Amino acid sequence: MSDQTETTASDWCGFQQALADSGQRRMVLVEGERQVAVARVAGLLQALSSAEGIWVGREQDAARAGLGHLRVKDYQRVLGRELPVLVWDGWEGTSPDAFAALSGTLRAGGLLFWLMPPLAKWSDFDDPDYGRTGLDRTSAHPFAARLAAILAEDPDVIRLAAADVTVTELNLTEPVRTGFQPGQTAEQQALVADIVRTGQGRRRRPLVVTADRGRGKSAALGIAAARLLESGRKRVLVTAPSADNVATLFGHARQELGDALAMDTPTQLTTRFGHELCFLPPQELLSQRPAAEVVMVDEAAGLPAQWLKAVLLGWPRVVFASTVHGYEGTGRGFALRFRQILEQETPHWRAVSVREPIRWAEGDPLERLIFQLYLLSADAPEPESVVAGDVHIERWQPAAASEQALAEAFGLLVNAHYRTTPGDLRQWLDDPAALTWRASVKGQTIGVLWASTEGGLAPDLADEVVAGKRRLRGHLLAQSLANHGGMPAAAALKTLRVVRVAVAESARRLGVGQRLVAAAREACVQLGIDALGTSFGGESGLLAFWRRCGLRVVRMGLSQEASTGEFPLQMLKGTSGPGLRLQQQLGTRFARHWLALMPRHWPELDHELLLAVSEALPSQTGLDDDDRRDLTHFAYGFRGFELTLPVLQGLSVCKGMPQRIQSHPEAMLWCRAVLQGWSWAQLQEAGLCRGQRDAETQLRLLVRELLQNEAEL
């Protein structure tokens with residue numbers, strides 16, 4: 001190593017130590033030819049404190065630098081760790097979600113090396129990650145151009161020319177050393193006390209903890225779990241998307257328990273008194289349902305809402321903790337949407353937020369930069385009062401908007417959806433098939449609709465999609481309807497799929513959302529697009545909204561969405577002759593299959609949603625005289641339930657019947673017994689009846705009420 005190289009290494013070591021002493025972290029942007037950049041960074045890392053660091057890129061490069069190797073798809077495994085160095089080889093592709101998430105693992109003094117082409121070439125750089133989401137179809141990448149502009153203007157970004165080994169041009173201005181020490185803040189100490197209080201307190205009073213990454217929420221969970229065991233709780237269970245997510249939690253619990261530990265494994269701690277802290281994967285937790293006084297859910301927003309609800313109702317004391325500003329792509333949608341479940345099921349729940357960081361200092365340059373790059377702190381505007389007549393609807397180009405306008409619009413999307421990721425921002429700005437409409441009042445954004453054009457495939461390709469031989473990126477709804485609905489026209493015709501629609505809370509119930517959808521529908525007519533469609537996690541309120549917008553149910557997915565735990569509901573509105581025929585054909589066919597598919601694929605579906613979908617589907621053939629006679633004998637006589645079941649099912653989908661059933665107190669019993677195929681034992685265990693005789697009596701009384709208006713049958 002030359003004298004110049006030794007001087008450079010020494011300067012870097014001093015700089016990293018100064019960062020640690022001031023509680024700061026920095027990005028080092030290494031611009032230039034890839035192989036030269038890899039060699040340059042590998043040489044620097046030999047002198048830096050980087051033994052526990054991670055290299056995201058090629059495995060041989062990680063070995064050369066003496067770092068651990070991480071594949072992008074496995075990034076969530078290390079989110080519970082604290083790293084001194086992270087190297088991201090952008091020449092291999094940059095996933096916004098993984099990049100933003102991993103930046104939060106760096107501790108004070110941490111350096112994020114990003115290997116990329118020169119900033120001036122970013123808008124033309126063919127990022128290998130584009131192909132994953134269909135963005136390789138376009139040469140224009142305004143998202144990358146926006147990132148480059150932000151990085152170029154940030155004085156705290158260290159721009160390192162890969163081929164330049166001198167240090168004189170580097171911005172290694174040392175920050176002011178403040179003697180920063182990572183550790184508990186007053187806020188974190190109060191959080192620990194809150195968690196302990198919840199774990200020792202009354203049942204059915206859950207605690208929801210939200211914080212940005214680096215605020216010590218996982219550490220607080222671990223300390224509190226240890227104190228709960230020491231105070232007499234026999235078992236505290238922990239769950240999270242992966243075991244790696246709870247490494248910090250267990251580390252702090254282990255440290256707190258100290259000599260009191262009798263057994264110590266990465267996922268189980270047992271005290272000398274036999275009290276234990278255990279990690280269980282969420283599916284294992286819900287299937288085994290082991291007894292525990294307290295359950296803690298870390299990174300809760302990474303789990304489907306239905307799983308969180310099952311945990312909430314399955315144990316007496318539950319603490320949920322999650323990152324609020326979307327490093328994992330969760331955004332505030334988690335808190336907003338889960339809040340509805342909490343209000344309904346456990347109205348005495350409490351919320352706690354932690355703002356002050358503990359792993360780095362307030363105002364850390366890297367956190368500020370990552371938040372700016374990916375709009376992680378984008379917040380929706382909330383005008384004080386909105387008059388419907390003042391709302392202006394227009395086509396809008398987010399890529400051409402000011403940073404403030406873009407942040408307002410993206411903040412709306414974050415608040416409205418369960419999971420909004422940094423990758424969604426890139427997709428919105430770069431997708432050539434995207435169309436956007438904006439609702440505004442006096443220039444302020446109050447509503448956004450983001451849609452994407454799909455379909456238009458050649459007949460041969462559409463046939464292959466139907467046969468399951470081909471699957472194309474960027475055609476979610478068109479492919480799903482073609483393949484699962486069995487109709488090539490769904491892939492051959494052009495569809496405008498609404499990806500997201502969001503309206504500021506203070507502007508809701510004024511028809512703004514419907515006006516945005518109407519604008520998109522009108523554009524379909526003008527642009528020669530055959531149908532307007534949408535796909536969303538099935539929920540009664542959303543179904544009602546889309547029906548008011550004129551869309552019709554054409555399919556429900558057979559598998560639950562990973563993000564919400566809900567079954568996707570797909571709706572369509574034909575905007576051309578062929579599009580209208582497709583809508584009618586798909587809806588009619590799904591209605592014919594609805595009763596047969598229900599007990600097999602949707603036995604646990606919420607009964608209100610089930611009846612709402614039934615009401616939304618085209619009515620099937622009414623009952624004949626024989627069916628009416630069977631119903632009469634069941635209602636007023638002793639005809640058996642099993643013998644009458646086919647007729648009861650047919651009654652359920654007669655015109656107007658789902659709505660009448662839904663208004664009845666025994667609606668859930670009807671759905672579980674008649675439509676979803678539950679056994680008498682299951683019905684009794686769920687508290688819907690005292691046994692078969694009681695259930696049949698309730699159903700007979702319900703049929704009597706339905707028969708009172710025979711004209712509708």
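Residues are numbered from 1 along each chain as its sequence is written. Because the model is predicted, local features need pLDDT of at least 70 and side-chain atom pairs count only at pLDDT 80 or more, while totals for chains, interfaces and linings use all residues, and side-chain values use heavy atoms, without hydrogens and water. Helices (H or I, at least four residues) and strands (E, at least two) are DSSP runs, numbered from the N terminus.

**Strand β1 and its neighbours**

- β1 and strand β5 (residues 106–116) run parallel, joined by six bridges; strands count as paired if DSSP finds at least two bridges between them.
- With strand β6 (residues 158–161), β1 pairs in the parallel sense over four bridges, and here Leu-29 has Arg-159 as its partner.
- Six of the six residues of β1 (residues 26–31) are buried, so the strand is largely enclosed by the rest of the structure; buried means under 20% relative accessible area, with a 1.4 Å probe and protein chains only.
- Arg-26, Val-28 and Val-30 point one way from β1, while Met-27, Leu-29 and Glu-31 point the other way.

**Helices α23 and α25**

- The axes of α23 (residues 641–652) and α25 (residues 667–675) come within 9 Å and cross at roughly 115°; axes are lines fitted to C-alpha atoms over the stretch in contact, with angles from 0 to 180 degrees between N-to-C directions.
- Contact (heavy atoms within 4.5 Å) involves residues including Phe-641 and Leu-645 of α23 and Trp-670 and Val-674 of α25.

Methods: Buried < 20%, exposed > 50% of the residue type's maximum accessible area, 1.4 Å probe, protein only.
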